Amino acid sequence: MNPEWVHVIRSAATEAESAGKLTAEQLSLIYEQQWFKLLVPEIYSGPEMTVPVLVQLEESISWANGSVGWVVTLCAGAGWFGGFFEPDIAKKIFERPDACLAGSGAAMGEALITGDGYMVSGRWPYASGAHHATHFTANCIIKNDEGIVKDDAGQPLVRAFIFDAKDVTISPTWKYMGMMATGTDAFSVENLFVTQEQCFRIDARHAFVTSLLYQYPFLQLAEATIAANLSGMAIHFIDCCKEIFAEKQNQKNMEERHKSLLNSLLIEQENRLNSSRELFYQAINKSWDKMITASIDELSLAEVSNTSKQLAKMARECVDTLYPYCGLIAAARSSEINQVWRDLHTASQHSLLTFAE
């Protein structure tokens with residue numbers, strides 16, 4: 001990653017944590033590089049980045065700072081929905097240079113069918129990037145005058161909607177130890193009328209943009225990008241450990257056997273993480289190659305899911321193995337290494353990657 005970008009991101013990290021959202025300097029860089037639009041269709045002037053390139057970039061941004069990487073990943077992921085929006089809606093959304101979509105996948109809203117649209121009400125507890133989002137996406141249970149509409153399987157019918165930020169109310173909810181700069185807060189709407197065009201289906205069969213990116217399964221896209229975030233944070237933590245361990249080894253009173261232990265621990269954990277990253281990237285590249293040849297299969301997708309979960313697990317394990325040897329500096333909330341530790345252990349609670357086989 002460009003060293004100037006890293007400097008902009010990291011030099012504002014403390015300010016962003018205090019503010020509870022990304023700084024103007026960080027956002028300026030993101031808009032300049034179109035990071036919120038990484039997955040926006042090319043026909044709407046987006047980069048429409050391939051999945052293998054995407055995960056490498058998002059890992060790098062999360063290495064620079066976990067909160068910035070997380071917001072970019074989730075907002076860029078919501079930008080991927082642009083392939084499923086009605087074209088006229090998509091054009092209006094993405095023509096803005098500061099276009100940014102935040103949202104939630106939880107079906108916490110209700111959408112009552114009207115003659116020409118829906119009346120929507122709901123409250124969604126977590127939306128990263130909420131304070132600079134231009135639009136919000138949200139899942140709702142569909143209802144009619146007779147009650148909840150059922151899908152073909154007899155379950156409540158859930159559909160996704162896109163709202164303009166001006167129609168949304170944001171309320172503070174983020175009270176956790178890490179990811180404090182992500183601006184992850186609740187949003188709500190009440191009796192908001194939305195048109196039929198603001199309802200969309202995240203399904204390759206219903207994509208308006210039919211290029212490969214919008215045929216790639218959303219589950220594996222989400223798993224891979226979140227795993228890349230955790231990997232980037234773990235690499236950052238190991239970098240911090242290298243500096244701390246080097247200082248410790250210069251202390252005259254440290255025994256040689258303890259110096260040797262620190263060296264071996266660092267090398268071992270870095271190797272473990274890199275081995276897991278290698279398997280992860282192999283699975284990502286393989287799945288994308290199969291997309292190109294129209295031969296994507298369940299086994300390839302299962303490999304993406306499995307290696308994503310394994311990488312998330314390895315990131316946590318490597319960090320937790322090294323943490324006890326870092327000293328009190330690692331427990332100081334004002335230190336860089338503590339911020340990384342808090343961010344990783346908060347982000348890794350995401351339910352998609354909790355259970356690794």
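Colleague: What should I know before reading the numbers?
Modeller: The model is predicted, so to speak of local features we need pLDDT of at least 70, side-chain atom pairs count only at pLDDT 80 or more, and totals for chains, interfaces and linings use all residues. Residues are numbered from 1 along each chain as its sequence is written, and side-chain values use heavy atoms, with hydrogens and water left out.

Colleague: Which residues touch the most other members of the largest nonpolar core?
Modeller: Trp 35, Phe 85, Phe 94 and Phe 237, out of 86 residues. A nonpolar core is a set of buried Ala, Val, Leu, Ile, Met, Phe, Trp, Tyr and Cys residues joined through side-chain atoms within 4.5 Å. Buried means under 20% relative accessible area, exposed over 50%, and partly exposed in between (1.4 Å probe, protein chains only).

Colleague: Which helix gives the largest share of this core?
Modeller: Helix H7, residues 218-249, with 14 residues. Helices (H or I, at least four residues) and strands (E, at least two) are DSSP runs, numbered from the N terminus.

Colleague: Changing topic, how many aromatic pairs are there?
Modeller: The count is 22. Rings of Phe, Tyr and Trp (its six-membered ring) pair if their centres lie within 6.5 Å; planes under 30 degrees apart count as stacked, over 60 as edge-to-face and the rest as tilted.

Colleague: Why is the pair of Tyr 44 and Phe 94 stacked?
Modeller: Their planes are at 20°, with the centres 6.2 Å apart, so the pair counts as stacked. Tyr 44 lies in the loop between helix H3 (24-33) and helix H4 (51-64), and Phe 94 is in helix H6 (residues 87-94), 50 residues apart. Both Tyr 44 and Phe 94 are buried.

Colleague: And Trp 80 with Phe 218, what are the distance and angle?
Modeller: That pair is stacked too, at 5.3 Å centre to centre and 15° between the planes. Trp 80 counts as buried because its relative accessibility is 2%, while Phe 218, at 36%, is partly exposed.

Colleague: In which sense does E3 pair with E1?
Modeller: Parallel, over nine bridges, with E1 covering residues 101-113. Two strands pair if DSSP finds at least two bridges between them. E3 and strand E5 (residues 158-164) run antiparallel, joined by seven bridges.
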